[in-house]
Amino acid sequence: MSLDAVVIGAGHNGLVAAAYLARAGLSVEVLERRDVAGGACVTEELWPGVRASPGAYTLSLLRAEIVRDLELQRHGLEVSVHEPYLFAPFPDGRKVVTWSDRARTCEQLERDWSAANAGGYRDFAARWEAAAARARPLMLEPPSRDRWLETVGPEILEGSIADELSGIPSEQVRVPLAIQGLIGTLAGPSDPGTAFVGFYHDLGEAAGPAAVWGYARGGMGAVTEALRSAATAAGARVRLSSPVGSVLVEDGRATGVLLEEGEELRARAVLSNADPIRTLRLAELAAPDGWHQAGPVVKVMLLLDGLPDFPAWPGHEAWQGAIDIGFTLDDLEQAASDARAGSPAARPWIEAACQTSADDSLAPPGRHVLSMFCQCFPGDVDASAAADSAIARFAEVCPELPDQIIDRLALGPRELEARFGISGGHIFHGEMLPGQLFEERWPARSFGGIDGLYLCGSGAHPGGAVTGAPGYLAARAAIEDLVARDAV
């Protein structure tokens, strides 16, 4: 029996693609190598009775159109805004706190810092909010650098996050905002393109208000469970523990896949949620020079027997949003320089989150999981040593943390690749810097020059994070092509 489409990988983009294909009346099977669906967007029992998300950890960028089309709330998705938006403690006892509401953030900055800092932030935020409102529709459109440039301007598209924040007088206030332009990226705040990385993270609405981030109740696996439910309700079939060994190609056209165990599945279209390098290998093609997909991240999961106090902000509230650990812009620059030179960052920066502080479904009373997203590190880093360094860095502003650690899981680029199947361990399936965006990112259609092969993962436009956009765009392209073939 021949299928209309087969999807390689049940990550969030693969499930989005499968849902749209099935809703179009096409026969679809999704093949996942692991025994759990979700790719890097999962909730797993990391310790007995304790569940957490070792990959993606907060939600905003999943396109609102996808949430509505697939009725994800009906399929169980619940998202709540995390407040504060971010908290950045410093060794001198000061702190930066921002909220989902701009006016509240400005009041906080004026109280903790100065009217000039509040005003600088207000001007920056207003400019980005206006540009983001114009840009959001482009996330579900085919790539066009010219349209993005016209919509947001060259400063946001091509400039550095340091330049974008230059109107805020205090460096400490700028640091946590600069980190948003470096997430998942081997770059420092003065590097071109980092403004867009930060701006991209403001393009979401999945938590409700624009540009706000939140927690999916039950962890990030709740997102992919809702997507899987929507896909299967539409008629798609999801098969776990079914790794694909190769893509079948005849006369320049994809005709199906061969599973590692030897089963052959024929299909008129093949969509790959795998990263570009892995997809090329499956199609027996060589990866080209110049594509940058070496991940700079070490993900550290800490099991805690309680939540210690931050001297800068004692109490439970400090733990409920993103926690940014980075003390100077020079530290952020040097971390990238260290990793580029092949060394672990001497002073790593961290974005952390503790969903168990806001979601009692994940762990028993008295137990918490701290998720630490740490940069920058070379691909061959010793993940355990990197975890030691990150914990020591965090302890500079939370001295009680080390004493409350029961256990830990450290995932460097090699471990991320092994666990999630992402070549190089790069969370975005490749850098999202100039030269790897828009038309210069991998095409969704005719991937590798093979008709009928579509890239539906984060290596395709518009890029990484839990957006669903690459899956949506690849499914739309496949549907258009299949309809056109049927009309001939």
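Student: How many aromatic pairs does a search of the whole structure find?
Tutor: The search finds 19 aromatic pairs. Rings of Phe, Tyr and Trp (its six-membered ring) pair if their centres lie within 6.5 Å; planes under 30 degrees apart count as stacked, over 60 as edge-to-face and the rest as tilted. Keep in mind that this is a predicted model: local features need pLDDT of at least 70, side-chain atom pairs count only at pLDDT 80 or more, and totals for chains, interfaces and linings use all residues. Residues are numbered from 1 along each chain as its sequence is written, and side-chain values use heavy atoms, with hydrogens and water left out.

Student: OK, what kind of pair do Phe90 and Phe327 form?
Tutor: A tilted one, with 6.3 Å centre to centre and 55° between the planes. Phe90 sits in the loop between β6 (86–89) and β7, and Phe327 in the loop between β14 and α12 (329–340), so to speak distant parts of the chain, 237 residues apart. Those element names are DSSP runs numbered from the N terminus: helices are H or I with at least four residues, strands are E with at least two.

Student: In what order do the seven strands of the open sheet come?
Tutor: The order is β7-β6-β14-β15-β16-β13-β17, with mixed pairing. Two strands pair if DSSP finds at least two bridges between them.

Student: And which are the edge strands?
Tutor: β7 (95–98) and β17 (405–411), each pairing on one side only. Further in, β14 (residues 322–325) and β15 (residues 349–353) run antiparallel and are joined by three bridges. Ile325 stands opposite Ile350 in β15.

Student: Which helix packs on the sheet?
Tutor: Helix α14 (residues 413–420) does, touching β13 (298–304) and β17. Contact here means heavy atoms within 4.5 Å. The direction of α14 makes about 80° with that of β17. Such angles run from 0 to 180 degrees between N-to-C directions, and axes are lines fitted to C-alpha atoms, for helices over the stretch in contact.

Student: Switching to helices: at what angle do α8 and α12 cross?
Tutor: Roughly 35°, and the axes of α8 (residues 171–179) and α12 come within 9 Å. Glu171, Arg174, Val175, Ala178 and Ile179 of α8 meet Leu329, Asp330 and Leu332 of α12. By class that is five nonpolar, no polar and three charged. For the classes, Ala, Val, Leu, Ile, Met, Phe, Trp, Tyr, Cys and Pro count as nonpolar, Asp, Glu, Lys and Arg as charged, and the others, Gly among them, as polar.

Student: New topic: what volume does the second largest pocket have?
Tutor: About 390 Å³. On a 1 Å grid over the protein atoms alone, a pocket is an open set of points with protein on both sides within 12 Å along at least five of seven lines, and lining residues have an atom within 4 Å of a point. Points are joined across faces, edges and corners, and the volume is the space filled by probe spheres set on them.

Student: Which residues lie nearest its centre?
Tutor: Tyr85, Tyr121, Glu129, Asp202 and Ala211, out of 23 lining residues. Helix α4 (115–135) gives the most to this lining, with six residues.

Student: Last one: where is the cis peptide bond with Pro84?
Tutor: The bond joins Glu83 and Pro84, with omega about 5°. Pro84 is in the loop between β5 (79–81) and β6. The bond from His461 to Pro462 is cis too, with omega near 5°.

Methods:
On a 1 Å grid over the protein atoms alone, a cavity is a set of points where a 1.4 Å probe fits but cannot get out, and a pocket is an open set with protein on both sides within 12 Å along at least five of seven lines; lining residues have an atom within 4 Å of a point.
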